[in-house]
Amino acid sequence: MSRQKLLSEPDLIRIEKAHPDGLTSAQIIHIFQSRSLRLSEATFRKYVQLGLLPRSKRVGAKGKHRGSRGIYPCATVRRINSIKKLMASSYTIEEIQRSFNNFKAQIDAVEEGLEKLFSGFRSE
């Protein structure tokens with residue numbers, strides 16, 4: 001896997017600006033597949049089950065009997081990008097999971113801070 005295919009910081013910022021309310025799993029998967037990076041629905045679900053990604057929030061569609069869909073925060077794209085970088089550096093998914101679990105509270109605090117920061121930028 002070439003590092004050049006991974007999302008750059010400007011790419012991540014563009015995605016966050018374009019989707020301030022979050023993205024569906026299909027949209028996230030498409031972002032990576034469009035860069036020729038392997039990410040399947042099964043892998044995405046596995047990352048959620050392992051605690052590497054946050055669970056989706058159910059958001060109802062407007063209109064009668066339209067149902068709801070799962071929306072993931074934009075930080076999910078950053079997190080997958082980080083996982084892909086670590087895997088490209090020969091870390092196993094088990095090592096990544098252990099690291100994420102050890103630092104989950106700090107990661108969540110940073111992501112919350114980033115969300116507030118980007119929210120502030122959007123309101124400016």
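**Aromatic pairs and a helix contact**

Student: Why is F44 called buried?
Tutor: In this predicted model, F44 has a relative accessible area of 1%. Buried means under 20%, so F44 is buried.

Student: What makes Y72 count as buried?
Tutor: The relative accessibility of Y72 is 11%; with the limit at under 20%, Y72 counts as buried.

Student: How many aromatic pairs does the rule give?
Tutor: The count comes to two.

Student: Why is the pair of F44 and Y72 called edge-to-face?
Tutor: The ring centres are 4.9 Å apart, and a pair needs centres within 6.5 Å. The planes stand at 90°, and over 60 counts as edge-to-face, so the name applies.

Student: Which parts does this pair tie together, and how far apart are they in sequence?
Tutor: F44 lies in helix α3 (residues 41–49), and Y72 in the loop between β2 (68–71) and α4 (75–88). The parts tied together are therefore 28 residues apart in sequence.

Student: What makes the pair of F118 and F121 tilted?
Tutor: The angle between the planes is 55°. Stacked needs under 30 degrees and edge-to-face over 60, so the pair is tilted.

Student: Why is α1 called roughly antiparallel to α4?
Tutor: The axes of α1 (residues 9–18) and α4 cross at roughly 155°. Angles over 145 count as roughly antiparallel, so α1 is roughly antiparallel to α4.

Notes: Residues are numbered from 1 along each chain as its sequence is written. This is a predicted model: local features need pLDDT of at least 70, side-chain atom pairs count only at pLDDT 80 or more; totals for chains, interfaces and linings use all residues. Side-chain values use heavy atoms; hydrogens and water are left out. Rings of Phe, Tyr and Trp (its six-membered ring) pair if their centres lie within 6.5 Å; planes under 30 degrees apart count as stacked, over 60 as edge-to-face and the rest as tilted. Helices (H or I, at least four residues) and strands (E, at least two) are DSSP runs, numbered from the N terminus. Buried means under 20% relative accessible area, exposed over 50%, partly exposed in between (1.4 Å probe, protein chains only). Axes are lines fitted to C-alpha atoms, for helices over the stretch in contact, and angles run from 0 to 180 degrees between N-to-C directions. Angles under 35 degrees count as roughly parallel, over 145 as roughly antiparallel, 65 to 115 as roughly perpendicular and the rest as oblique.
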